[in-house]
Structure formats: C-alpha cells, structure tokens
Amino acid sequence: MFEPLKNHPLVSRIIQFSHTLDDRMEFHEKSHEVMRSMGELEFLSTVFETNLKDEGFLKRSWSNYEIPFLYVFENNHFYLKFHIFPPVKSGDTQKAANIIHHHNNYILSSYTSFGPGYHTCHFGKEIIEHEDGTAEMTLTKDFFHAKGHINVVESWEPHIVFNMASTTTTLVLWSPDKKLVTDGLRNHPLVKPFKRMILLVIHALNLHKSVGVAPKDVKQYYVQDGKVLSIKEADYFGTYKEQVGDEVTMNYVQAICHFVQQMGYKNDAFISEMLSRDDLPKAWRNWLPFLISDEEIPTLYGKEEINIPKKEIRIEDLRKAFAS
Ligand SMILES: [Fe+2]
C-alpha cells in the first residue's frame, strides 16, 4: 500500500472513479484522461519526491526481475506506477524484451509518457496446450505503442514487448477485472503470514478464479523453429529473481534518476536536503548529485538475452510462427 498521494487532485479523481465504477473496464477508460495529466513534469516531480521521502522505497533492494519504477498510488482495488524501461545497447528493437505472458485477472492500462515507446503484440486468450510442450494461440494485434498512446491489456490477454531504442517510461494502471470482497485480504496484516497456506488451499480446491489469485503453474510462451512453446513462469523468472544486491540497486536508481533528469526535474533545495541525510543509501548518494550539477546521467542498458534456449525472439520469427 502506497497512499501518501491520496489527496492529490489527480490521484483522488482516480480513487473516486474506482469507488463509483464497478465495471472495471469503464474505470480504466475514465481514468485515461487523468493518466495523461499525470505524465507531466509537475506531477512527476511530486511523485519522485514522495517516493524519496518514503523509507520503504528509498531503502529498497532491487531485483533484476523488476522493472525500475516509481510508486504513484496503491490501494486494495488498483495501483498506479511509472515503469522505466531501459533500452538495449545494441539498439535492436526487432528483438523481444521478454516472452509472451499475461497478467492473470489484472487489467492493465499503459500510457507511454516519455521516450519513443515500443513494439508490442497481443494474442488471443484461448490457448491450447499440448503434451509435448507446444501450444496453439493466435496473434491478434501487432503495433507500436508510441509516446502519447494509451494501450489496454485485458485480463488473461497474452502479450509481448520488444526492445526500446531509448529509455521509455509508461504510467501503468492495474486493477483486478472484478471487484471482489477478497481484494482487501491481499494486504491484510492478519492474512499476510498465512498467505502460502491459504494459497495451497485455494489451489487444492481450484478456487483461484473465484477469489482472484494466479493459478498455481502460470505458463509463459516463446517461439522457436516456427513453433509456440510453453515454459513455467517460475522457470523463466528464476534466474532474474536471484539477481539482487548493491549492483542491481545502483543500476535501477541510475535508470530512475536518468529518467527524471531527462524530463527536466529540478529542485536543488530538496535534493540537497536528501544528500544531507546520514542514512541515504549508496545508490542515491551516487546519482542524486547529478540532479544538482546537471551533468548528464548515462542511460542504463538492459539485458540483450532472454532466458529461453535460443536467447532471443525476433519479430520476424514470431510473425512466421503465428502465420501458419
Ligand atoms: Fe506485461
């Protein structure tokens, strides 16, 4: 839960929409105009400083599994964040940045607020899984998610994102596709310690859809030799989740500071005050001074290879696999 901006006029409009609109697609559509205003420097500056004032955010240790982000707001029914996507050094935008995945019962609205954007594809929700690990699905959308565009990814809708030519930031709004009485339980202090046990019971009774949790073995998909193949989400992400620690944190803080600097963020008094703190983590101590000196923070580059046998998915291979 991240609620310090709950009284900000833009955030409170979205909270109000969420409160009054039970149809979650309608809630997303109503929120889009507000999301555009949130992409402006003034709001971003407030968001950046609010995150720095939050102990949990300031001192968090990042994992390579995550996308560098800034919190905007989170409650039991939706959350809003800035996602900062690092480009690849090769500039190879024909290569996928991840594999085909969906976000379970969550609807995602994504507004490209900064940078060129990225190519993306969506797929049909009907997936036929075969014993041999191959899968059948259809390609439904193939387009560039450019700066200024808002894209909606429906719940259970598989999609894939390609590499960016330079740092790209999206403002993302996530919410479950239905308001459920159990939504508040996710973050409930009495439930948290028993989460694993409760999930075991939910999966054993096959109740995951009715209580809005992810199925036990979520699959992701990639293409190879003209075929669509599945991989367990846990197997795909395993190696990235293990990559944590000071180096990852140094890089992720670089990506965040690079983005706010490129947006034109400037508040020397606030940054000086942050720098005067004895408990300021190393990564912030390293990158915040650039926001005062105006020396350019270099772009952080992301991973060139993805965790599948052939290490890459090229857009032409993907199109070929889905053309047959
Ligand atoms: Fe996604």
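Biologist: Is strand 4 enclosed by the rest of the structure or left open, and why?
Modeller: Strand 4, residues 117-123, is largely enclosed, because 5 of its 7 residues are buried. Bear in mind that this is a predicted model.

Biologist: Which strands does strand 4 pair with?
Modeller: One of them is strand 7, residues 139-146, in the antiparallel sense over 7 bridges. Strand 4 is also joined to strand 9, residues 159-161, by 3 bridges, and those two run antiparallel.

Biologist: Okay, new topic. What is the strand order in the open sheet of 5 strands?
Modeller: The order is 1-2-10-3-8, and the pairing is antiparallel. Strand 1 (69-74) and strand 8 (150-153) are at the edges; each has a single partner strand, so one side of each lacks a neighbour in the sheet. From one strand to the next, the twist averages 20 degrees.

Biologist: How many bridges hold strand 3 and strand 10 together?
Modeller: There are 8 bridges between strand 3 (residues 106-114) and strand 10 (residues 168-176), paired in the antiparallel sense. As an example, Y106 has P176 as its bridge partner in strand 10.

Biologist: Which helix lies across those strands?
Modeller: That's helix 8, residues 246-263. Helix 8 lies across strand 1, strand 2 (79-85), strand 3 and strand 10, and runs at about 90 degrees to strand 2.

Biologist: Now helix 2. Where does helix 2 bend?
Modeller: At H32, by about 40 degrees.

Biologist: And what about its length, what span should helix 2 have?
Modeller: Helix 2 covers residues 24-38, and at 1.5 Å a residue its 15 residues should span 21 Å. Its end C-alpha atoms are 20 Å apart, which agrees.

Biologist: Which residues of helix 2 are buried?
Modeller: R24, F27, H28, S31, V34, M35 and M38.

Biologist: What separates M197 from I67?
Modeller: Their C-alpha atoms are separated by 28 Å, and the two residues are 130 residues apart along the chain.

Key: Residues are numbered from 1 along each chain as its sequence is written. This is a predicted model: local features need pLDDT of at least 70, side-chain atom pairs count only at pLDDT 80 or more; totals for chains, interfaces and linings use all residues. Two strands pair if DSSP finds at least two bridges between them. Helices (H or I, at least four residues) and strands (E, at least two) are DSSP runs, numbered from the N terminus. Axes are lines fitted to C-alpha atoms, for helices over the stretch in contact, and angles run from 0 to 180 degrees between N-to-C directions. Two residues are in contact if their C-beta atoms, placed from the backbone, lie within 7 Å. The expected span of a helix is 1.5 Å times one less than its number of residues. The bend at a residue is the angle between axes fitted to the seven residues ending there and the seven starting there. A residue is buried if 20 or more other C-beta atoms lie within 10 Å of its own, exposed if 12 or fewer, and partly exposed in between; C-beta atoms are placed from the backbone.
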